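The paragraphs after it are meant to be read beside the coordinates.

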Amino acid sequence: MQTVILIIISLLIIPVLAAFIKKVKALLTGKQGPPLLIKYYTLVKLFAKGSVYSTSTTFIFRFMPVVALAAPLMALLFLPLAGAPALLSFAGDAILIFYLLGLARFFTVCAALDTASPFEGMGASREAFFSVLSEATLFMVLVLFYRINGSLSFSSYFQGNNPINLWSAEGTLLLLVVAALFMVLLAENARVPVDDPATHLELTMIHEVMILDHSGPDLALIELGAWTKLYFYAAFIANIMTPIYPGKPWATALVFLLIIVFIYFAVGLVESITARSKMNLVPKFILTSFSFAFFATILTMELTR
Amino acid sequence: MNPFFFSLLCIVLGGPLALLFHNNSKFGKLLPVMAISGGSLGGLVTALQHFTAPQPPTAEFLWLDWFPLAFRLDPLSAFFLVPVFGIALLAAIYSFDYLDNPAKGLRTAANYFFFSLLIAAMGLVVCADNILALALAWELMSIASCFLVLYDYELKENRQAAYIFFIFTQAGAMFLFAAFGLLYAQTGSVSLAAAAGLSDGLKLTFFLLCFIGFGSKAGIFPLHIWLPHAHSAAPSHISAFMSGVMIKMGIYGIVRFYFLLNVESVVYGQIVLFAGIISGVLGIIYAAGQNHIKRMLAYSSIENIGIILIGMGMGMLGAAAGKKELAFWCFTGALLHVLNHAIFKSLLFMGAGSVIHGTGTAAIDRLGGLMKGMKFTGIAFLTGALSICALPPFNGFVSEFLIYSGAFSGSSFEGWDFILAALAIVSLAVIGGLALLCFTKAVGTVFLGEPRTVQAEKVHECGRCMRLSMTLLACFCLVIGLFPAIVVEPLAAVTGALLKTNDIPMGDLLAFCDNITLGAILFLGLTIVLMILRSWLYRGKQVDAAPTWGCGFTRATPRIQYTGTSFAAPALEFFGPVAPLREEYTGLDGPFPKPSSYQSKPQDLAEETATIGVALPIFRALKRLRWIQHGNIQLYIAYIVVAIILSILITFLV
């Protein structure tokens, strides 16, 4: 029950949180910024429009928005929120979810190449390459989780005898994991310093340039998918960071939501104080996250002895 | 075993029939295709019946009154026969439309002749039960496949490819014969089962010799050098069969001898796992750099062999550590990947063949926009690409998921085994990511966007037989991905027989399959709901068509599109130390520069090293012995006489 309510709340606040980053950036630079409901207005505007399709494109271009939204929504179904078990879960669902996100990426990249635009090709090439490195980090983190917790599903990570929790005995290791996952969040969701969602030059983009030719409801679906994916990563990290208050699920849920807001704030903060890296520095950035995760895993060899 | 031999006979009959009717372009193809597909179908049915047979049938012959040949059809053989006969059947059907040049009638007939020999030889390889039968079948397989590569022998590259292939198969066979010699010398028995009687130290030597011999057939890095050459030279249905099935004979040999040796040391698992990680990661990096579509697929076969070896290596580690469950998951995953790879790699090679047939070029960067002119091939290739990237809901995901599940329980090992298990998991993830890069490059550059050259504009869709084969393979990809239980359940029996255990965790396995089905159906359902939502959103809306937005650039031509080479460039630059790129750029100079050219070619480290470090020194040394070959026939006869006299003398004196 609690999970259902939390998922509904999540779905409602996903666009607000996406706007929250913009607000944080505006406030930190001394501007007033858009209203928090701006993304809702965008959605309404886009849903009301028709579309223009490039004559170069095929069915893949039209199919991609659906997959790009379906995969993150699936991820949300398998993700526990605030310590409560997820709606669905089975052994190994973590792998299924990360591979489904891979499926969405496959179609995003193909749809970009479908337009025959050189700019979209550039974005697609970068997306395909950088995600290779992020996946290495993610699976290293999963190895660490398996060693701590002995399971391979999102729900059981945060439950049972030995939950993955920052405030448990393994907290120090998880501090490294939180840092690594935050870096992956930035990389996978096209945020500074990997990609700048606010830039004005197509040549320097990754995610935004791949969807240049999408318009109307299609674009709205893609945007929704992108926000959901960001929320998925933020909630994943928040699950690790949320302290569990036994017997008080709603207190836990409130803290959980506050931590999510904090993660979004951190994204906005990073975006305000750093510049986007040169493209050839991005692999180093993501590999740093890998070394965090690897280091934490190596440490377990000593701890569990 | 009679039905099995009867099927082989039926297949082999196709060869002479083809040669007999080679002047008749319709009949000359129809008869061998019927013979091969009929025999394969029979063989397939026989193989499926023997998955769970408690008493494997055996057969023994005395060849030339001297050589005992023994055959045995146990569950492992039966499992490997499924891709052999299944893919042979579909490749034969495909070839009916693919080999459609009437001017090459005799050549086509020869192709069918050697193709039928190759199928029969492979059937015998997996059923051989003593070293003589195995050695004979193995050599027959190697020689038949060498001739198949020579189909377009006018081209110098193809002759070179066949030559390299021949050297590698024979060198690999030498290692196998050394292993067999060792076995016979130590045990005095020709039976394969005698391997269990070797001493522990010899077991390792024996296994290493087999690993190199079988590994060169499987295409394990760095013994894979022949593979991209041979697969790109052969006709596409042959490439599909070689890449989908023939290289698995190497895997079969490794699995067979590992279990025959009955060892408990972890070293075997560590060797196999390490080889798997190297082959997997390097294979896919090299694949991403290729511009020839079939070479790319060939390198990706090396990657998939790597994945299979990772599964097997983890399984061996688990078996050595007494973790039966882990071993069970990993071996089942590895065997399922053997089948899955046979399905989707054949599909991809057939799709590539259709592209080559329809456009006349195999260069990825010269194609583009084929999804419009060749929609069927495009969708088939896309299905294969999604499967090979191990994306749900397709079959590649199932086998990788099984291997992952096993490997994760392996991360509770300690020490080096843990490091290897963690490396295996991370490299599987990296391989998955790079496969996505490699195959989005292939799909995106070949089928999407605008045609880059005239060749890509004037295309024709492939014939009906080719479409039939590809449709069936694509359906298998999806069906296994959606309902894995139908293949995992019989496969579990095979793994159980291999591990000599009766307590198969069937409940866990079926639950695992149900989970995949649940996830896949849920995802498909969600996709369909969103598609309905999308079409509802577009109801009554204005939808226009216009050129792609050029970001302010108005005179875009297809040439400004991103090519496959530029798409893969950032990743290749990153992996530069292991996959160096050789670039040739003429440059511009003077106030009126001449037309310039740029060429880039990814270098294969193993090939470079083997050429500079092994082939050239041998060549130089052998050059000094050239004087023996003088062309004087009287002296050659003298050589023979001297040799005979010497050998007689030696027999008498020693």
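Two strands are said to pair if DSSP finds at least two bridges between them, and the strands themselves (E, at least two residues), like the helices (H or I, at least four residues), are DSSP runs numbered from the N terminus. This is a predicted model, in which local features need pLDDT of at least 70 and side-chain atom pairs count only at pLDDT 80 or more, whereas totals for chains, interfaces and linings use all residues. Residues are numbered from 1 along each chain as its sequence is written, while chains are lettered from A and ligands numbered from 1 in the order in which they are written.

In chain B, strand S1 (residues 58-63) and strand S2 (residues 67-72) pair in the antiparallel sense over six bridges. Within this pairing, Ala59(B) has Phe71(B) of S2(B) as its bridge partner. The hairpin that S1(B) and S2(B) form has three residues between the strands, and there Leu64(B) takes a positive phi near 55 degrees.

The confidence of the prediction can be read from pLDDT, the predictor's confidence in each residue on a scale from 0 to 100. For chain B the mean pLDDT is 91, with 100% of its residues reaching 70 or more. The model as a whole scores ipTM 0.96 and pTM 0.95.

The buried residues of H6(B) include Ile164(B), Phe165(B), Phe168(B), Gly172(B) and Leu183(B). What do these buried residues of H6(B) pack against? They pack against helix H5 (131-149), helix H7 (200-218) and helix H8 (226-233) of chain B. After H6(B) comes Gly188(B), whose phi is positive, near 70 degrees.

The loop between H7 and H8 of chain B holds Pro222(B), and the peptide bond that joins Phe221(B) to Pro222(B) is cis, with omega about 0 degrees. Chain A also has a cis peptide bond, from Val192(A) to Pro193(A), with omega near 10 degrees; Pro193(A) is found in the loop between helix H7 (171-188) and helix H8 (207-210) of chain A.

Helix H15 of chain B is mostly covered, since eleven of its 14 residues are buried, among them Phe381(B), Leu382(B) and Ile388(B). Just after H15(B), Ala390(B) takes a positive phi of about 60 degrees, in the loop between H15 and H16 of chain B. Ala390(B) counts as buried because it has 31 C-beta neighbours inside 10 Å. Another residue other than glycine with a positive phi, near 60 degrees, is Asn262(B), which is found in the loop between helix H10 (248-261) and helix H11 (267-289) of chain B; with 13 C-beta neighbours inside 10 Å, Asn262(B) therefore counts as partly exposed.

Gly315(B) has its place in helix H12 (residues 293-320) of chain B, and Gly315(B) is buried because 33 other C-beta atoms lie within 10 Å. Residues are in contact if their C-beta atoms, placed from the backbone, lie within 7 Å. Not counting residues up to four places away in sequence, Gly315(B) touches Ala327(B), Cys330(B), Phe331(B), Ala334(B) and Gly406(B).

Between the chains, 64 residues of chain B are in contact with 61 residues of chain A. The largest share of the side of chain B that touches chain A, 15 residues, comes from H17(B). The residues on that side divide into 41 nonpolar, 17 polar and six charged, where Ala, Val, Leu, Ile, Met, Phe, Trp, Tyr, Cys and Pro count as nonpolar, Asp, Glu, Lys and Arg as charged, and the others, Gly among them, as polar. Strands also link the chains: strand S1 (residues 51-54) of chain A and S3(B) pair in the parallel sense over four bridges, and the bridge partner of Ser54(A) in S3(B) is Ala546(B).

Methods. Two residues are in contact if their C-beta atoms, placed from the backbone, lie within 7 Å. A residue is buried if 20 or more other C-beta atoms lie within 10 Å of its own, exposed if 12 or fewer, and partly exposed in between; C-beta atoms are placed from the backbone.
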